[in-house]
Amino acid sequence: MTTRPRTRPHRHIAATAIADHTSTTFVIGLDYDVKGEVHWTSAVTGLIDGIYSGFKVHEGRRVRSAGGTVDMPWPVIVRLNYWVDIPFRRIPDLHTRASRLDVLRRDGWTCAYCGGHARTVDHIIPESRGGTWTWGNLVAACAVCNQGKADRTPDEARMKLLWDPRATTSEYAGVQAEVWRILESGF
Ligand SMILES: [Zn+2]
């Protein structure tokens, strides 16, 4: 049996800043469904208190407390250790405007074409062809896939979307796709 520190380290925790990252951590349930997101300090506290288990961590970012009692990778996705029934959040209207950060956050910084780490967004229908900056026309994409696709539709570029924001019922479709990808890769 392991002993867990019972301190609540919110105040003294510092995370290495990454410009385009977020302050929230995604939460999945025992069934691996994405339940929502919490502030990263709540995720860290929950990991320490045994409410969550780690599922996906950031490649470079770490969480460190001033006293050195906490030093762990920054949690991107955590999994609840208990059964909690949380209703899904509905997707925003597909035709409303979304920013680059909105879309990166929604898709969990996961490339919709290769599953790699994404820092850019792709217009499914290219801007040059009338594609808009809307929730339904944008997906997170890595630079390689984005440049490879260029001014083409996925069909024209023969690139398959791992999930399609136009055909999903959850706001967290991108994160959910990443969870299935991690599970299939033998996590
Ligand atoms: Zn990619």
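**Exercises on a predicted model**

In this predicted model, buried residues account for 30% of the 187 residues in the chain.

**Exercise 1.** Determine how many helices and strands the chain has, and in what pattern they follow one another.

*Solution.* The chain holds five helices and seven strands. Read along the sequence, these elements give the pattern β-β-β-α-β-β-α-β-β-α-α-α.

**Exercise 2.** Check whether the span of helix H5 agrees with its number of residues.

*Solution.* Step one: H5 covers residues 173-184, which is twelve residues. Step two: the expected span is 1.5 Å times one less than the number of residues, so H5 should span 16 Å. After H5 comes glycine 186, with a positive phi near 90°.

**Exercise 3.** Identify the buried residues of H5 and the elements against which they pack.

*Solution.* Ala173, Gly174, Val175, Gln176, Ala177, Glu178 and Val179 are buried in H5. The buried residues of H5 pack against strands S2 (24-28), S3 (34-39), S5 (71-80) and S7 (138-141), and against helix H2 (100-106).

**Exercise 4.** Locate the largest nonpolar core relative to domain 1 and domain 2.

*Solution.* This core has 21 residues, of which Phe26, Ile28, Ile77 and Val78 touch the most other members. Two or more residues come from each of S2, helix H1 (40-49), strand S4 (52-65), S5 and H5. Because domain 1 (10-80) and domain 2 (100-184) both contribute residues, the core lies between them. A second, separate core of 16 residues includes Trp109, Ala112, Trp135 and Cys145.

How values were computed: Residues are numbered from 1 along each chain as its sequence is written. This is a predicted model: local features need pLDDT of at least 70, side-chain atom pairs count only at pLDDT 80 or more; totals for chains, interfaces and linings use all residues. Helices (H or I, at least four residues) and strands (E, at least two) are DSSP runs, numbered from the N terminus. A residue is buried if 20 or more other C-beta atoms lie within 10 Å of its own, exposed if 12 or fewer, and partly exposed in between; C-beta atoms are placed from the backbone. Two residues are in contact if their C-beta atoms, placed from the backbone, lie within 7 Å. A nonpolar core is a set of buried Ala, Val, Leu, Ile, Met, Phe, Trp, Tyr and Cys residues joined through C-beta atoms within 7 Å. Domain bounds come from an automatic or database domain assignment.
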